[in-house]
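Subject: Structure for you to look at

Hello,

Here is the structure I said I would pass on.

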Amino acid sequence: MDFIYSIIPPSILCQIFVGLSRTVILFIVSSGMSLILGVLRIPNVFHGSLYMIGAFLAYTITTVCAGSPFGFWLALIISPLVVALIGLAIERGLFQYLYESEHLMLILFTFAFSLVLGDIVKFIWGADYKSVPVPLIFQGFVSLFGGLPFPVYNLFLLAVGPIVAFFLWFLVNKTKIGKIAKAAAVDREMVGAVGINVSWVFAIVFVIGCLLAGLGGALMAPTISVTLGMDHTIIIEAFLIVIIGGLGNMWGALLGALIFGLTQSLGILLWPQFGIIFPYLAVVVVLLIRPTGILKSTW
Amino acid sequence: MLKDLLTSKKIILLITGIILLLLLPVVLPLFMQARFYIYLVSLILVSGLFATSLNFVLGFGGIYQFHHGVFYGIGAYAAALMLLKSGLPSWVGFIAGPVVSAILSLIMGLICLRLSKLYFGMLQVSLGSLVWAVVYRWRSFTGGEDGIHGIPIPELISSPTGAYYFTFIVSAVCFFIIYKMINAPFGSVLQGIRDNAIRSEMIGVNVKRHQLAALIIAGFFAGVAGVLFVVVDNSVFPDMLFWTLSMEVMIMCLLGGWHIFIGPLTGAALMILFRTFIGTFTIYWAFIQGIILMIIIFFLPSGVLGYFERKMKPTDKVLKA
């Protein structure tokens, strides 16, 4: 280990791991968006609102089950499901009539939804800051890298990331619905012509995307103060990640999330005041070199 | 014959509109507390100019200008900082705003125009967010998240009425210039590019250069709107550069109707009036705004004005939104 420390100081190593755990959240949220964008071709602005709702639901569930050790796990299961239900209702209710619209209209339409959902959240939970306690077994710090403290919860996040990535890979490449969705992303009319109900495939993909947004929100909740406006920041980040990764490419989303998360955490170390501009700079650099994203887009 | 009648009708409407707006600060105090309403009309003119400058590239140019707010905000910040910190005559600040916006627009345009459509828009959002982050974080220079308040405005235009007349004259001139540009050969080329970029390229139009010029012009007028906002409100804040504002301006364009010159102004007026009057009843204005937007997209995709235009001229071919 001392050899590694002589190359990379422990403080930077620690910050890299913080960045990686941030990457996990960004990946979960932006992979959902990438899925929707790739298959349904909807630039979904209210994805961030769903993430916010996921976090607020996690707050409610952990408050209700304050004493029990299962509160957090319950939140991790229930809030994505509720968010997925909201997504299903929106898709079946309105979106399925708009697939042929222009991107500009779709962006404005989903933005309208983000306004509506944002105010619904304000109505239900109020405008105060909420905090979700870190579950008991993940409380505290471990000393990694030469004794620097590292939150246990972030280790948990680092474990969750690969699991979600594996499930998504399995879903897209190994299941029937994933294969149909991939085909529909390339040519939806042809898929319809061979007798598959494309509309429902789209609905399922949309719901899975929303589920991921809710999961991201619920996982993020213990590490931040849950508040209104968290949708506005995440949505821009998710959009940029999806763009630099290549529209609709899930591994692109992973790569984009890595770039974004690491530049964010290392940028803060490098220049605390302007740390937040580094990810945006990275995006600009990537897009200057590869205008349509790093990996191949499904479009 | 009918066309002549229509245009003369339009001119009469225009002249009545101008006279009404000119008389407003004189007549209004006879009836009510005028200060607030004069401020409101000034704000409508500012937002209308802002939205019209966006529509110049979005509706007429077909460029996905997703982050137009940056140019508005930077214009306002440039003017505010010049007025506050430089000690130069104030007209320098007023000119600096639009010029800085135009320069930023040139830089961002050069970078973004390598891409098109959605990618263009997203890269612009990224660059715009970069500018926003700098403004938001550079507390010692830009005032950080609080923004700057109490910007010194020259005596002549610092009162609400003075600010109103200044806003009115400047925005009227700008509207006129933009209108002329849309109907000039340049505007026709721009609309040609919107409708079919490849064909335009084929007949010898330099598409990228025209688009870049349009972006610079739009950025310049957004900067003018930003400066006018400083005059009207005496303050700037980083939210003026945030992407949600850019979305709101797009809503204004959509509400009034793109493809129609006064559409964005109408949309801005409706939006600000709604916000002001509904906002007094409820804190859930964003909810109502979202619902309005959805209704427009579903039922009036060519905007309020587009709807009336279609009603009045049923034989005309309706432009697809």
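Which residues lie nearest the centre of the second largest pocket, and how many residues line this pocket? The model is a predicted one, and in it the pocket is lined by 36 residues, with A:Arg22, A:Gly229, A:Met230, A:Thr233 and A:Glu237 nearest its centre. Both chains contribute to the lining: helix 2 (10-40), helix 6 (152-174), helix 10 (230-245), helix 11 (250-270) and helix 12 (277-289) of chain A, and helix 5 (117-137) of chain B, each give two or more residues. The space in the second largest pocket comes to about 1,200 Å³. By class, its lining has 17 nonpolar, 14 polar and five charged residues.

Now the interface. Contacts between the two chains involve 43 residues of chain B and 44 residues of chain A. About 4,200 Å² is buried between chain B and chain A, and carbon and sulfur atoms give 82% of that area. On the chain B side, helix 5, helix 11 (243-256) and helix 13 (285-299) each supply at least two of the residues that touch chain A. Helix 5 of chain B gives the most, with twelve residues. The side of chain B that touches chain A divides into 34 nonpolar, five polar and four charged residues.

Regards

Note on methods:
Residues are numbered from 1 along each chain as its sequence is written. Chains are lettered from A and ligands numbered from 1 in the order in which they are written. This is a predicted model: local features need pLDDT of at least 70, side-chain atom pairs count only at pLDDT 80 or more; totals for chains, interfaces and linings use all residues. Side-chain values use heavy atoms; hydrogens and water are left out. On a 1 Å grid over the protein atoms alone, a cavity is a set of points where a 1.4 Å probe fits but cannot get out, and a pocket is an open set with protein on both sides within 12 Å along at least five of seven lines; lining residues have an atom within 4 Å of a point. Grid points are joined across faces, edges and corners, and a volume is the space filled by probe spheres set on the points. Helices (H or I, at least four residues) and strands (E, at least two) are DSSP runs, numbered from the N terminus. Ala, Val, Leu, Ile, Met, Phe, Trp, Tyr, Cys and Pro count as nonpolar, Asp, Glu, Lys and Arg as charged, and the others, Gly among them, as polar. Contact means heavy atoms within 4.5 Å. Buried area is the accessible area (1.4 Å probe) that two parts lose on being put together, summed over both.
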